[in-house]
Amino acid sequence: LLDMSTLKLNLLDNAIDSLDEALKKYQAAQEGDAKAYKFCVLHLSHFFELVFKHYVAQISPLLVYKTPSKEIKPDSYTITLDDAVVILENNGHQFCPNFKTDLNWFKKLRNSIEHHKFVMDVNQVNDTIGRLVKAFDSEQERLGRLDFSSVITVERLKLFFDLADNYEQKLKAVESHVHDL
C-alpha cells in the first residue's frame, strides 16, 4: 500500500514493480536512450531475484532466509538468486539449462554495473533480455502464473509479451535462413 509517507511492498509486489521499471527502461532504450539498458538490466535482475524468492516462499516462507533456524528479524539476510534456483530445483523444478546460463550471464553484467566499470554490447543485452523473458514466461507454466496486471500498465505488459514473441520470431528467422543455405 502506498500513502504519502510510507511505501510498503510485499515480495511479489516488489518483484513486479521492478519488472515494470525494467520495462520502462527497456522502452526508453528502444526509443534511442542506450544508457537506459543499464537500468533495465539492474531492474530486471532485481525482478528475477525477487520473483524466484517469491516462488521459494510458496514452498515455505522461512526458506527465503539464509539462516531460517535463527530468529527472523526485519534485517535478516535473505537468499540469493542462485540459492532460490537451487531450492526450486531441489523441490523438483527443472530449469532449462539455457535459461540458467542466461541468468548467470545477466547476473555477472548486473554485478559489473553495480560494483565497478562495465562494457555492454547492447545487441547482446537486447537478445538476452528477449531470451530471459521468453524462458521466464515458459517457467511460469510450471512454477505458477503471476498476475502482473495489477501493477504493470497494459502497454508495458504488452511489451513484456512482445519481448518474448520478438525473440521467438528472431529465432525462427535465423533457423529459416540456416535451412535455406
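This is a predicted model: local features need pLDDT of at least 70, side-chain atom pairs count only at pLDDT 80 or more; totals for chains, interfaces and linings use all residues.
Is Glu89 buried, partly exposed or exposed, judged by its relative accessibility? Glu89 counts as partly exposed, because its relative accessibility comes to 26%, a value between the 20% under which a residue is buried and the 50% over which it is exposed.

**The nonpolar core**

- The largest nonpolar core has 48 residues, and those that touch the most other members are Phe47, Phe48, Phe52, Phe99, Ile129, Phe136 and Phe148.
- At least two residues of this core come from each of the helices H1 (11-30), H2 (36-59), H3 (81-90), H4, H5 (122-143) and H6 (154-180).
- Helix H2 gives the most to this core, with 14 residues.
- Phe148, one of the core residues that touch the most other members, is in contact with Ile16, Leu19, Phe47, Phe136, Gln140, Leu157 and Phe160 once its neighbours within four places in sequence are left aside.

**Aromatic pairs and the aromatic cluster**

- The count of aromatic pairs in the model comes to 11.
- In the pair formed by Phe48 and Phe136, the ring centres are 5.9 Å apart and the planes stand at 70°, so the pair is edge-to-face, given that an angle over 60 degrees counts as such.
- Because Phe48 lies in helix H2 and Phe136 in helix H5, this pair ties together parts of the chain that are 88 residues apart in sequence.
- Phe48 and Phe136 are both buried.
- Phe95 and Phe99 also form an aromatic pair, which is stacked, with 6.0 Å from centre to centre and 20° between the planes.
- One aromatic cluster is formed by Phe47, Phe48, Phe52, Tyr55, Phe95, Phe99 and Phe136.

- At the start of helix H1, a side-chain oxygen of Asn10 comes to within 3.1 Å of the backbone nitrogen of Leu12.
- The residues of helix H1 that are buried are Ala15, Ile16, Ser18, Leu19, Asp20, Ala22, Leu23, Tyr26 and Ala29.
- Ser18, which lies in helix H1, counts as buried because its relative accessibility is 5%, and apart from residues up to four places away in sequence it touches His43, His46 and Phe47.
- After helix H1 comes Gly32, whose phi is positive, near 115°.
- Ala34 has its place in the loop between H1 and H2, where it counts as partly exposed at 44% relative accessibility.
- Although Ala34 and Val122 are 88 residues apart in sequence, their C-alpha atoms are 7.4 Å apart in space.

**Charged residues and their polar contacts**

- Glu89, the residue of the opening question, lies in helix H3, and its side chain makes a polar contact of 2.7 Å with the side chain of Lys100.
- Leaving aside neighbours within four places in sequence, the residues in contact with Glu89 are Phe95 and Lys100, and Phe95 is also a partner in the stacked pair with Phe99.
- Lys107 has its place in helix H4, which covers residues 97-115, and with a relative accessibility of 18% Lys107 counts as buried, because the limit for that class is under 20%.
- The side chain of Lys107 is joined to the side chain of Asp82 by a polar contact of 2.3 Å.

**Cysteines and disulfides**

- A search of the whole structure for disulfides finds 0.
- Cys40 is buried, with a relative accessible area of 2%, whereas Cys96 is partly exposed, with a relative accessible area of 35%.

Conventions. Residues are numbered from 1 along each chain as its sequence is written. Side-chain values use heavy atoms; hydrogens and water are left out. A disulfide is a pair of cysteine sulfur atoms within 2.5 Å. Buried means under 20% relative accessible area, exposed over 50%, partly exposed in between (1.4 Å probe, protein chains only). Helices (H or I, at least four residues) and strands (E, at least two) are DSSP runs, numbered from the N terminus. A polar contact is a pair of N or O atoms within 3.5 Å; within protein, one must be able to donate a hydrogen and the other to accept it, and residues adjacent in sequence count only if both atoms are side-chain atoms. A nonpolar core is a set of buried Ala, Val, Leu, Ile, Met, Phe, Trp, Tyr and Cys residues joined through side-chain atoms within 4.5 Å. Contact means heavy atoms within 4.5 Å. Rings of Phe, Tyr and Trp (its six-membered ring) pair if their centres lie within 6.5 Å; planes under 30 degrees apart count as stacked, over 60 as edge-to-face and the rest as tilted.
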